[in-house]
Structure formats: C-alpha cells, structure tokens
Amino acid sequence: TLPALFLVVFAVGARCDKTRSNAGLLLCAAATVAEGLYDPQIGAKGQVVVLPVLAGFFAAGRLVRARTETAKALRIRSAELRRQRAETARMAVLADRARVSVDLEGTLYAQIGGIASTAATGLGAIDADHALDADNGAARQALASIEHDGRAVLAHLRDVLGTLHERAPSEPQPTLARLAELLARATTAD
C-alpha cells in the first residue's frame, strides 16, 4: 500500500491548492505511520526512510503544480501580448493612413486648387475687359469649364480621402483585468 500512498500524495500535491494539499500530506503521513506501526516489515526504523520519500513525492507534486500554473500564466500573458501587438500594428496602420491622407490631400488640394484659382482669375480678367468678341467668349467658356472641373475633382478627392480616415478608437482595448466590469456591462445592457 505504500506505492499507492506515494501516488496519492503526489497527486494531492499536483492537483490541490496549498491548504488542501497540506491536509492531504498530513493524512498520508498519518496513514504511513499507522501502516508502519502495524506492518512488521516497515517497523519504526522503516519510518525514517518512508516519511522522507513520502515528502519527496509530495514536493515533486507541488513542483509539477507550480510549473503548470507558471506555464498557464505565460500562455495567457503571451496571448495578451499578441493581441496588444496586433492592436498596436492596427493603430500604426491607421496613423500611417491618416498621415498619407493628409499629405495627399494637401498636395492635391494645392495643385488642383491652383488650377481652379487660375481659371477664376482668367474669368475675372475677361469680365474686367468687357470685351465680348468670339475669342473671349470661347476663352471664358474654357476657363469656366476648368474651374468647374477643378472644383468637382476637389470634391471627389475629399470623398475618396475621407474613406482613408478610419476613426481611431477613443479608448484602448480592454484587458483581462477588466473582464468582470465588461461582463457586468454586457449583462446589464440587456
């Protein structure tokens, strides 16, 4: 029955929390002492060897439990770090999109706005001359078309670049530390 006690004390050390495992160790030690008193092969002198072996099995079980808990904590932390890394990468992409969008919009706005402004200035010059011959009428129509098209391109450009502007999150993603709060908020939302 000693091998069974060694197996039980190892399992108690590996599977139970500290309080229960200590109680289990004491029960197994008491069972070992009782068996030693009734088994002539073990005797009192055998207890000197059997009890440290029992404690060794218990210590091995506690070591297995500690390593298992550490590995579990590391897996959880690793998963959390992966999520944070993905969120950081997503936010970096958003920031880069916003920067590119602003740069592109500024550059194109200045260039196309300059075209539209030049066309508007040309129209103003023609209107100031009050010359209404056929060449001025054709020039006036061409400049008006340039101005209209330039403004239409600017409006379309704003729409296209607006799609690059993805709203940044107003707060960081929640972590496991806020799990209870999130669950409470989700259950009260119904």
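This is a predicted model: local features need pLDDT of at least 70, side-chain atom pairs count only at pLDDT 80 or more; totals for chains, interfaces and linings use all residues.
Trainee: What makes the contact between Glu-87 and Arg-90 a salt bridge?
Mentor: The term requires a side-chain nitrogen of Lys or Arg within 4 Å of a carboxyl oxygen of Asp or Glu. The closest N and O atoms of Glu-87 and Arg-90 are 3.0 Å apart, so the pair qualifies. The structure holds four salt bridges.

Trainee: Why is Glu-87 called buried, and why is Arg-90 called partly exposed?
Mentor: Buried means under 20% relative accessible area, exposed over 50%, and partly exposed in between, with a 1.4 Å probe and protein chains only. Glu-87 has 15% and therefore counts as buried, whereas Arg-90, with 33%, is partly exposed.

Trainee: How do you know that Glu-80 and Arg-77 are paired as well?
Mentor: Their closest N and O atoms are 3.5 Å apart, which meets the salt-bridge limit. Being three residues apart in helix α3, Glu-80 and Arg-77 are separated by about one helical turn. Glu-80 is buried at 15% relative accessibility, and Arg-77 is partly exposed at 41%.

Trainee: What is the spacing between Glu-69 and Arg-65 in helix α3?
Mentor: These two are four residues apart, which again comes to about one helical turn. Glu-69 and Arg-65 form a salt bridge, with 3.1 Å between the closest N and O atoms, and Glu-69 is partly exposed because its relative accessibility is 43%.

Trainee: What makes Val-33, Leu-37, Tyr-38 and Leu-51 a nonpolar patch?
Mentor: A patch takes residues with over 30% relative accessible area and no salt bridge, joining nonpolar side chains (Val, Leu, Ile, Met, Phe, Trp, Tyr) within 5 Å and like charges within 9 Å. Leu-51 has 31% relative accessibility, which makes this residue partly exposed. Together the four have about 450 Å² of accessible area, computed by the Shrake-Rupley method with a 1.4 Å probe, where for residues only the protein chains shown count as cover. Helix α2 (residues 18–38) gives the most, with three residues, while Leu-51 sits in helix α3 (residues 43–129).

Trainee: Why is Leu-26 called exposed?
Mentor: Leu-26, which is found in helix α2, has 62% relative accessibility and therefore counts as exposed.

Trainee: How many residues line the largest pocket, and which are closest to its centre?
Mentor: The largest pocket has about 240 Å³ of space. There are 12 lining residues, and Arg-83, Gln-84, Gln-173, Pro-174 and Thr-175 are the closest to the centre. The largest share of the lining, five residues, comes from α3, and α3 and α5 (179–188) each supply at least two.

Trainee: What makes such a space a pocket?
Mentor: On a 1 Å grid over the protein atoms alone, a pocket is an open set of points with protein on both sides within 12 Å along at least five of seven lines, and lining residues have an atom within 4 Å of a point.

Terms used. Residues are numbered from 1 along each chain as its sequence is written. Side-chain values use heavy atoms; hydrogens and water are left out. On a 1 Å grid over the protein atoms alone, a cavity is a set of points where a 1.4 Å probe fits but cannot get out, and a pocket is an open set with protein on both sides within 12 Å along at least five of seven lines; lining residues have an atom within 4 Å of a point. Grid points are joined across faces, edges and corners, and a volume is the space filled by probe spheres set on the points.
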